[in-house]
Structure formats: C-alpha cells, structure tokens
Amino acid sequence: APSPRPPPRVIHLRDYVTAVGLVKTDPTKTYPCASLGPYLLVVALRECVQLLSLHQSETELVVLETGMEVPVESLVGSLVCTDNGRILVGCADGHVYELHYSQASAPSFSVSALWRPTKMRKTSCQGLRWGEIARKVTTLWQPYVADPVMLMAYDSSRHMVFAITQSSSTAPIGNGTLSSSPNTLIHAYYLGDKGHSAPRHIGPVKLSLLASFVPIRDRDIVSLHPVSKAESKSMCCVLVASTGYRFFLDVSLHSNTIILRNHKALPSSLSAVSSSNSASRLTASAPNNSSALNPQDAPRVQASLYSNGVFILCLPGWVVCFCQDRNKESYRSNSEAREVYSLFQVPPDFVGQPTQMWQGCELK
C-alpha cells in the first residue's frame, strides 16, 4: 500500500508576494545553501527576492527554506527565468535587473558590489551602469520617478527577454478637460546565441511612435507574449491591448531597433457580438439610463493567452478563442474571414456579477 500523504508544511513569508518563477539549478555551480533541490522557487517580495528549494518525494512536493535572498530596492512587478538558470526581474524604477545567486554567475564588476556581498546581488541590464549611479545620487535629495515595468516575457528560441514599461499620462484636449493616454515603452534584452552572454539592451521604443495611426484606446497593453522562431522568423513578440488590438513586433539585432511588423483589431463580427452582449447587460442593469450604453463601457480584456497563432482573451464574464482561418480560399477572398473565433460565456459570480479573470497562464 502506498505510504500516507504527510500533512502540508506551511512557509510563512514576511511580506506579500508580487511575482513568482521557477528556475532549474546547475550542478556545476556552487550555491550558498546546504540543502538544494533540482529546482528553485523564486518568490519576489516588496524589498527582496527569496529563493526556496523544491524537493520531490514519492508522496509530495516539499518546499524548503534556503536562506538565499537578493535585496531589491525597488518593487518587483514581474520576473522571468531562463532555461540556463538566469533570473531577470522588472522593477518599479523602470529597469530590468539580473539576479546573481551563485559565485559563478556574478560579473567581475558592479556598482552594487560596493555595498552588497558578491554572491547575492543584482546588476542592471540597461548596459553601462551610469544610469544606476545617477539614480542613486538623485535619490539623495528627491524621489526617483519612472514608468514601472508592468510585463515581461522570455523567448527561449531566441534567448531574448521582452519588457513593457507603462504609465498613464494626462494632457489637455480643450474646454478644460483632460485626456488620459498610456505611455508605453518596449524593451528587448538579447542574451546571446546560447543564452549565456551579458544582456544586450535594445530600445526602448515608444509604442505611440510605432503605431501613431492606432487610436489611443487601443494602446493600453495588458499582455505580452513571445512568438517562437519555429512559428515565425519575422515576428518576435505580440502585444495585446485591453480592447483586443494586437501588435506584432520584430527585433533587429543588426540595427538594434524594434520594428512593428503587423497589427490587427478584433474581427468586426466579434466586436459586434461583444458590444451587443455588453449593451444587453447594461440595459438590464439600468434600463432607464441611456448613458449606460456608452461604447466606453464595452468589456475590456483582462488577460490573454497565446500559442502558435491561437489567441484566448479573457473578458469579464466571457472567454474568446480565435485563430487564423486555415481555409486558403476564404483567406484570399475576404480579409474579414482571415480569423475565426468562438465565444464562451462564463457563469456569473455568487452576487450575479460577471466573473473577473485577471490571471492567465502559459498556453502550450
């Protein structure tokens, strides 16, 4: 008979978690930890990043404390782990840092080495360290303000990390009113042909310059997905806006630039269905209020998944799945038939409101 499952063991962290990741340990490297499993659970807190050891037994997956901790002065908003065991975090100061948690991975020189032990520290991925020095000096007399890193993604086929910094800015549009528009910057970090080189920063590029012809409401980015080299050699990543608008980007290593290759709105029939469902819901909730049918009240994309040309968009109360039409005749004759979709309604929550879906996962 199989052995009984032991009771769960709880590890209490001293702060709330902002991001998590999983990295594979390298047996050829030396780690400052007595008990080390095949994987490390990377947990980002507000002021540091902790690494916990994962051990698998016959009956359970055990998480053990290692005492490995990398201090981070800025709030971590997102992180990615590469196949080679590298950890990169995006922080609220608008920069991406690489965490060094073993002696072999630490670079020969870093400004942070002046006040932090060599094994457990971070280095900026922005290239030369003058930006890091300027931020340290500036914070002596005034707070440093920057657009935070909101999204990150890693492309294992190209060994490239993508990051999005985004914030909202307001500008007067006349009659004393203000218009809010997202300020989105796109960064790319090339890690070399085999993923072992120092990060090479490409960008940043403003989305408003790449897609100035796209309405402002379609530039509010909510998701970032890599596009593998096997799927496309001319596109590296795709951005998804809250309206479902998609931007397909490419990175040129020769010119060190980021290029907009393609852009697509939602299929017109799908937009009509979403607007119709939104209007029906608003009419039922406020039948005597004509302002409730404002087009701005249309459901917004909260999360998305992507793999090999297939998109899954998560909206309040709805899940939309669409992909490219494989019918060559329809693809050539009608541009609107290039994408086909399915629309699924999610049951409402316990108070009758549309179910919120903020969290997505990787789509295989």
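Select F311 to begin: this residue is buried, with a relative accessible area of 2%, where buried means under 20% relative accessible area, exposed means over 50% and partly exposed lies in between, using a 1.4 Å probe and protein chains only. The model is predicted, so local features need pLDDT of at least 70 and side-chain atom pairs count only at pLDDT 80 or more, while totals for chains, interfaces and linings use all residues. Residues are numbered from 1 along each chain as its sequence is written, and side-chain values use heavy atoms, with hydrogens and water left out.

Rings of Phe, Tyr and Trp (its six-membered ring) pair if their centres lie within 6.5 Å, and planes under 30 degrees apart count as stacked, over 60 as edge-to-face and the rest as tilted. F322 is itself buried, with a relative accessible area of 0%.

Next, widen the view to the aromatic pairs, of which the structure holds 4. In one of them, the ring centres of F248 and F311 are 6.3 Å apart and the planes stand at 85°, so the pair is edge-to-face. Because F248 lies in strand β15 (residues 246-252) and F311 in strand β18 (residues 310-315), this pair ties together parts that are 63 residues apart in sequence. F248 is buried as well, with a relative accessible area of 7%.

Now show R246, whose charged end sits over the ring of F311, 5.0 Å from its centre; a charge sits over a ring if NZ of Lys or CZ of Arg is within 6 Å of the ring centre and within 35 degrees of the ring normal. Then move to K122, which lies over the face of Y97 at 3.8 Å from the ring centre.

Finally, zoom out to the whole chain, whose secondary structure comes to 4 helices and 20 strands, and in which buried residues make up 42% of the 364 residues.

Technical notes: Helices (H or I, at least four residues) and strands (E, at least two) are DSSP runs, numbered from the N terminus.
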